[in-house]
Each structure stands twice: as C-alpha cells, then as structure tokens.
Amino acid sequence: MSAGTVKVCSCGRPFDHAQWMKLPFAGVLDGDGEKLDLRNCSCHSTIALELPESVSVCTGCGRWLGAGEPKVCGETSGVLCDPCAETTGVVVRIVRIIRRRPAA
Ligand SMILES: [Zn+2]
Ligand SMILES: [Zn+2]
C-alpha cells in the first residue's frame, strides 16, 4: 500500500482516507472489540475498514465522529451526528412522548 492508502479493494482500487469517506456508506459492524466501517466500492463489492477506537460512525450519513463531536446514541438507530439526529431524532422523541400518555 502506498502512503495514505487506508484500504485496497479486492478489485485493486486503492483508497486514501478522503476517498474512503466519499464511498457510499453501507453500514457499521460493531463486533467484539472491533468496529468496521462498511462501504461500497464502484465494483459493487462491500469493503470494510477497521475504525480507530476513538471514532464513532454516524449510522445516518456515515460521517466519522471524533470523541469530542456532538452525537446522539439512539436506542435502535445507534450513533447519529447532530444534523442526522435533528432530522431523525426529533421524530423518535415525538413518538416517545405520545406513547408515554396514559390511555384514555
Ligand atoms: Zn472494488
Ligand atoms: Zn450523520
């Protein structure tokens, strides 16, 4: 791998960090002790990159969030960045308030 390359796809395409972040986000795999950022290569393979321990991935947009960055941990949605929490989190909150009302 050349300097700056973080991942090489099985099709041979190398990606540096900036190129990796531009790939379509496919999800996060949170296993025992390791987190994987999954992206789709233009050859249609899904490739995984191991994440640094301090990094969380927004499950809404795939942005990497550092330890100090604002994020929301949803019960089912996982980690969301601020803009994603605003678009999806608000809905979640409203649903919860409605559910908490006692049945008439
Ligand atoms: Zn590929
Ligand atoms: Zn986001």
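Guide: First, a term: strands are DSSP runs of E, at least two residues long, numbered from the N terminus. Ala-48 is found in one of these, strand E5. Keep in mind that this is a predicted model.

Visitor: OK. How many helices and strands does the chain have?
Guide: Two helices and nine strands. Along the sequence the pattern reads β-β-α-β-β-β-β-β-β-β-α.

Visitor: Back to E5. Which sheet is it in, and in what order do the strands come?
Guide: E5 belongs to an open sheet of three strands, ordered E3-E4-E5. The pairing is antiparallel. Strand E3 (25–30) and strand E5 (46–50) are the edges, and each pairs on one side only. From one strand to the next, the twist averages 25°.

Visitor: What holds strands in a sheet together, in general?
Guide: Strands pair through backbone hydrogen bonds, either parallel or antiparallel.

Visitor: How many bridges join E4 to E5?
Guide: Five, with E4 covering residues 35–40. Arg-39 stands opposite Ile-47 of E5. Asp-37 stands opposite Leu-49, also in E5.

Visitor: And Ala-48: buried, exposed or partly exposed?
Guide: Partly exposed, because it has 16 C-beta neighbours inside 10 Å. A buried residue needs 20 or more, and an exposed one has 12 or fewer.

Visitor: Which residues does Ala-48 touch?
Guide: Leaving out residues up to four places away in sequence, Ala-48 touches Leu-29, Leu-36, Asp-37 and Leu-38. Take Leu-38: it is 10 residues from Ala-48 along the chain, yet their C-alpha atoms are separated by 4.5 Å.

Visitor: What sits between E4 and E5?
Guide: The two strands make a hairpin with five residues between them. His-44 is found in that loop.

Visitor: What is the phi of His-44?
Guide: It is near 75°, a positive value in a residue other than glycine. Most residues other than glycine have a negative phi.

Visitor: Why does His-44 count as exposed?
Guide: Because His-44 has 7 other C-beta atoms within 10 Å. The cut-off for exposed is 12 or fewer.

Visitor: Now the inside. Which residues make up the largest nonpolar core?
Guide: Six residues: Val-57, Cys-58, Leu-80, Cys-81, Cys-84 and Ala-85. Strand E9 (78–81) and helix H2 (82–100) each supply at least two of the core residues.

Visitor: Pick Cys-81. What does it touch?
Guide: Cys-58, Gly-60, Cys-61, Arg-63, Leu-65 and Lys-71. That list leaves out residues up to four places away in sequence.

Visitor: Last one, on the whole chain. What share of the residues count as buried?
Guide: Of the 104 residues, 15% count as buried. As for contacts between residues at least 6 apart in sequence, 19% join residues at least 24 apart.

Technical notes:
Residues numbered from 1 in each chain as written. Chains lettered and ligands numbered in written order. Predicted model: local features only at pLDDT ≥ 70, side-chain atom pairs only at ≥ 80, totals over all residues. Pairing = 2+ DSSP bridges. Helix = DSSP H or I, 4+ residues; strand = E, 2+ residues; numbered from the N terminus. Axes fitted to C-alpha atoms, helices over the stretch in contact; angles between N-to-C directions. Core = buried A, V, L, I, M, F, W, Y, C linked by C-beta atoms within 7 Å. Contact = placed C-beta atoms within 7 Å.
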